[in-house]
Amino acid sequence: MPPEGLIIELVTPRTPAGALDAASHSRLVDRTATVADGLLVGGPEAGEGVALPDEVRINLISQTLTLVKGRLPIFGGITASTPEETREVALALRRVMDRQNYAGQVFLADLPLWYHSNRGLPQFYQELLEETGLPLILLNLPEMLNQRAFLFKHRNLRTQVVKKLAGLPMIFGMIYQGEMRRFLNYHLAAVARPTFAFYEADESRFLTRPGAWGVVSRGAQLYPEAWQRVTQACLHPENIVEDFQARHHLWQESTRLVNLAGLYRPAPAALLKTALAAQGILASDATAEDTPPAPPPQKQKLLDFPALSP
């Protein structure tokens, strides 16, 4: 069973020379692991996974497993430039687990349309998952593909393809971004799998129209406790106390998180690193060469954003 609730998508701390900043990553994991229901590392967008050298990505995954020690599920980004490179990353992750004798829950997380068309995708995954023996979570991120994969014809997985993928027992869910109609079609395509998880990748939409399984939040690494409170309230409104002041405070927190999500949305990796460096969690806001830079107006607005209550 994939975890339900708050999945925090971490940035990948890097030194100015491009190596993994292990000390900053350790601080980031320590800050988020106690409130998250799962961590996504090396994700293709905020985690800059598609731009990470193999050595950095493997170091990132290895250190994450060492720090987490099975306390919560890990989603390891494997998306690379080609099917062959993606397969190698997945196998490298498997080898890291074997070396550490890691018994915790680990899911592969992949944005397939970055390197593969809809055609032939079920067969590709069937072979990959048989070889690695690890469960997988799909990513559907049309906004990222629109901005950075101009030559690709399709921005979304086709519904019939999702139906076939949901039929593979080692594929456990999807991190989804896009229009509601397609989201509902995907749900119908996976109707035979009641525990097939759909996580909302659009934080603002989750905060205003919560999904049934959970949210993948990038901003939760800035304010983890606030995100934990609001996520639990969104998923389990029956547990909200009958206290006007408490409800009003929760509504205020949710509104500020929506406003915050709008600030870092244009360039999440660069903007979140700027904010985390200002908070003293990261030693540097260095990003990969191909990562979209932080727009100066958004950068200043984010730095000026009032802190949420602890």
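Predicted model: local features only at pLDDT ≥ 70, side-chain atom pairs only at ≥ 80, totals over all residues.
Visitor: How many bridges hold β2 and β3 together, and in which sense do they pair?

Guide: Three bridges, in the parallel sense, with β2 covering residues 38-41. Look for Leu40 if you want a landmark, as it stands opposite Phe75 in β3.

Visitor: And how many bridges join β3 to β4?

Guide: Four, and those two strands run parallel as well, with β4 spanning residues 106-110. Here Phe75 has Phe107 of β4 as its bridge partner.

Visitor: How do I read the side chains along a strand?

Guide: The general idea is that side chains in a regular strand alternate between the two faces of the sheet. Now try β3, residues 74-77: Ile74 and Gly76 point one way, Phe75 and Gly77 point the other way, and all are buried.

Visitor: Why does Phe75 count as buried?

Guide: Because its relative accessibility is 1%, and the cut-off for buried is under 20%. Leaving out neighbours within four places in sequence, its contacts include Pro3, Ile7, Leu39, Val41, Ala109, Ile137 and Tyr199.

Visitor: What separates the C-alpha atoms of Gly70 and Ala103?

Guide: They are separated by 6.6 Å, though the two residues are 33 apart along the chain. For Phe75 and Ala103, 28 residues apart along the chain, the C-alpha separation is 14 Å.

Visitor: How many aromatic pairs does a search of the whole structure find?

Guide: Nine. Take Phe107 and Phe172, an edge-to-face pair with 6.0 Å from centre to centre and 70 degrees between the planes. Phe107 belongs to β4 and Phe172 to strand β6 (residues 171-176), so this pair ties together parts 65 residues apart in sequence. Phe107 is buried too, at 2% relative accessibility.

Visitor: What sits over the ring of Phe172?

Guide: The charged end of Arg193, 5.9 Å from the ring centre.

Visitor: Which residues do ring pairs link into a cluster?

Guide: Tyr176, Phe183, Tyr186, Phe196 and Phe198.

Visitor: Which residues have the most contacts inside the largest nonpolar core?

Guide: Leu39, Tyr125, Ile171 and Met174, in a core of 103 residues. Helix α2 gives the most to this core, with seven residues. Follow Met174 and, beyond its neighbours within four places in sequence, you'll find contacts including Ile137, Leu157, Val162, Tyr186, Phe196 and Phe198.

Visitor: Last one: is Arg205 buried or exposed?

Guide: Buried, because its relative accessible area is 9%, and anything under 20% qualifies. Arg205 lies in helix α8 (residues 203-208). Beyond neighbours within four places in sequence, it is in contact with Tyr176, Gly178, Glu179, Met180, Glu200 and Pro210.

Technical notes:
Residues numbered from 1 in each chain as written. Heavy atoms only, no water. Buried < 20%, exposed > 50% of the residue type's maximum accessible area, 1.4 Å probe, protein only. Pairing = 2+ DSSP bridges. Phe/Tyr/Trp six-rings, centres within 6.5 Å; stacked < 30°, edge-to-face > 60°. Lys NZ or Arg CZ within 6 Å of the ring centre and 35° of its normal. Contact = heavy atoms within 4.5 Å. Core = buried A, V, L, I, M, F, W, Y, C linked by side-chain atoms within 4.5 Å.
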